[in-house]
Amino acid sequence: MIDYFAANLWQMWALVAIVCLILELTNGDFFIMCFSIGAVCAVVSSALGLGFYGGLLVFAVCSVLCIFFVRPFALRYLHRNDDARVSNADALIGRIGRVSEPVEAGGYGRVAIDGDDWKAVSADGQAIPLNAKVKVIGRESIIITVETVD
């Protein structure tokens, strides 16, 4: 068994590379990807006949080099617009919805947007009838502010 493992050491490094890629999918900050690239370099070195310690050295050196050179490049070009990206409830601003429960004058109602039902208030304080099309113009906590769309 040990002889087989020593003769096919590249398979272990390939398994390490695959596990690192799977772990990278969980966080997306391109840190674990560097270890995967290091493991791929160790696969090549092991396939060329370098022993376990040689493959370990290649893995360590390539991983460190990737952390310092590949990761900043990947972060710069693949996460280019992260600061401008809106998510969660902030992404509702500007969306069009339909009134699912009439918005009372000076009170609340409900608006359906993409299958979600949000508590809503009218921007001008006027009542909005059932099934009217509205546009989200603001948000305060879980209550959206809407105005009718012509």
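Visitor: Let us start with β1 and β4. How many bridges join them, and do they run parallel or antiparallel?
Guide: This is a predicted model. In it, strand β1, residues 96–101, is joined to strand β4, residues 133–140, by three bridges, and the two run antiparallel.

Visitor: Which residues stand opposite each other there?
Guide: In β4, V134 is the residue opposite G97, and K135 is the residue opposite I96.

Visitor: What holds strands side by side in general?
Guide: The strands of a sheet pair through hydrogen bonds of the backbone, and the pairing can be parallel or antiparallel.

Visitor: And β4 with β5: how many bridges are there?
Guide: Six bridges join β4 to β5, and these strands run antiparallel. R139 has I144 of β5 opposite it.

Visitor: What do β4 and β5 form?
Guide: They form a hairpin, with two residues between the strands. S141, in the loop between β4 and β5 (143–148), has a positive phi of about 60° although it is not a glycine.

Visitor: Where does F30 lie, and what is its phi?
Guide: F30 is in the loop between α2 (9–27) and α3. Its phi is near 65°, which is a positive value in a residue other than glycine.

Visitor: Is F30 buried or exposed?
Guide: F30 counts as buried because its relative accessibility is 14%, and the cut-off for buried is under 20%.

Visitor: Back to the strands for a moment. What do they close into, and in which order?
Guide: Five strands close into a barrel, in the order β1-β2-β3-β5-β4, with mixed pairing. On average, neighbouring strands of this sheet are turned by 55° against each other, with direction ignored.

Visitor: Now the helices. At what angle do α3 and α4 pack?
Guide: Helix α3 (residues 32–47) and helix α4 (residues 52–78) pack at about 140°, and their axes are 7 Å apart. Their crossing is right-handed.

Visitor: Which residues meet there?
Guide: On the α3 side they include C34, F35, I37 and A42. On the α4 side, V58, F59, C62 and R71 are among them. The residues of this contact divide into 12 nonpolar, four polar and one charged.

Visitor: What about S36: is it buried or exposed?
Guide: S36, which lies in helix α3, is buried because its relative accessible area is 4%, under the 20% cut-off.

Visitor: What does the side chain of S36 reach?
Guide: It reaches the backbone oxygen of A17 at 3.0 Å. Leaving aside neighbours within four places in sequence, S36 is in contact with A17, C20 and L21.

Visitor: What is Q126 in contact with, apart from neighbours within four places in sequence?
Guide: With those neighbours left aside, Q126 is in contact with V103, E104 and A105.

Visitor: And how many Å separate the C-alpha atoms of Q126 and C41?
Guide: Those C-alpha atoms are separated by 66 Å, and the two residues are 85 residues apart along the chain.

Terms used
Residues numbered from 1 in each chain as written. Predicted model: local features only at pLDDT ≥ 70, side-chain atom pairs only at ≥ 80, totals over all residues. Heavy atoms only, no water. Pairing = 2+ DSSP bridges. Helix = DSSP H or I, 4+ residues; strand = E, 2+ residues; numbered from the N terminus. Axes fitted to C-alpha atoms, helices over the stretch in contact; angles between N-to-C directions. Left-handed = near helix turned anticlockwise from the far one by under 90°. Contact = heavy atoms within 4.5 Å. Nonpolar A, V, L, I, M, F, W, Y, C, P; charged D, E, K, R; others polar. Buried < 20%, exposed > 50% of the residue type's maximum accessible area, 1.4 Å probe, protein only. Polar contact = N/O pair within 3.5 Å; in protein donor to acceptor, adjacent residues only side chain to side chain.
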